[in-house]
Amino acid sequence: MEQLILELKEKLIEALNLEEMTPDDIKTDEPLFGEGLGLDSIDALEIIVLLEKNYGIKLANPAEGKAIFTNVGSIAEYVYNHRTK
């Protein structure tokens, strides 16, 4: 799981153009939206594309995204349990 969390942090930095950040700058339990990293709805779409492209995960219900995208840890747990790639 630790390796998956690191991989997700690296992919988020790349997909969201957070070049000034390193994986160590992103806390696993830090909120991604609002407080914390301060991501927005456009970033959420980028994360959805990232999950589909890299892990074969399609979110059938966009409302699920809010719970899944709480923080890197919650994304990692979802990927771990639902990945097809």
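The model is predicted, so local features need pLDDT of at least 70 and side-chain atom pairs count only at pLDDT 80 or more, while totals for chains, interfaces and linings use all residues. Residues are numbered from 1 along each chain as its sequence is written, and side-chain values use heavy atoms, with hydrogens and water left out.

Let's start with α2, residues 41–55. Helices here are DSSP runs of H or I, at least four residues long, numbered from the N terminus. Take 1.5 Å times one less than the number of residues, and the 15 residues of α2 should span 21 Å; the end C-alpha atoms are 21 Å apart, which agrees.

Now see which way its side chains face. Asp 43, Ala 44, Ile 47, Leu 50, Leu 51 and Tyr 55 are buried (under 20% relative accessible area, with a 1.4 Å probe and protein chains only; exposed means over 50%). They cover an arc of only 115° around the axis, which puts them on the same side of α2; the arc is taken from the directions from the helix axis to the C-beta atoms. An α-helix has 3.6 residues a turn, so residues three or four places apart point the same way. The buried residues of α2 pack against α1 (2–15) and α4 (72–82).

At the start of α2, a side-chain oxygen of Asp 40 comes to within 3.1 Å of the backbone nitrogen of Ile 42. After α2 comes Gly 56, with a positive phi near 70°.

Next, hop to Asn 71, in the loop between α3 (64–68) and α4. Asn 71 is buried, at 14% relative accessible area. A polar atom of its side chain lies 3.0 Å from the backbone nitrogen of Gly 73, and one lies 2.7 Å from that of Ser 74. Leaving aside neighbours within four places in sequence, Asn 71 is in contact (heavy atoms within 4.5 Å) with Thr 28, Asp 29, Glu 30 and Leu 32.

How values were computed. Helix = DSSP H or I, 4+ residues; strand = E, 2+ residues; numbered from the N terminus. Polar contact = N/O pair within 3.5 Å; in protein donor to acceptor, adjacent residues only side chain to side chain.
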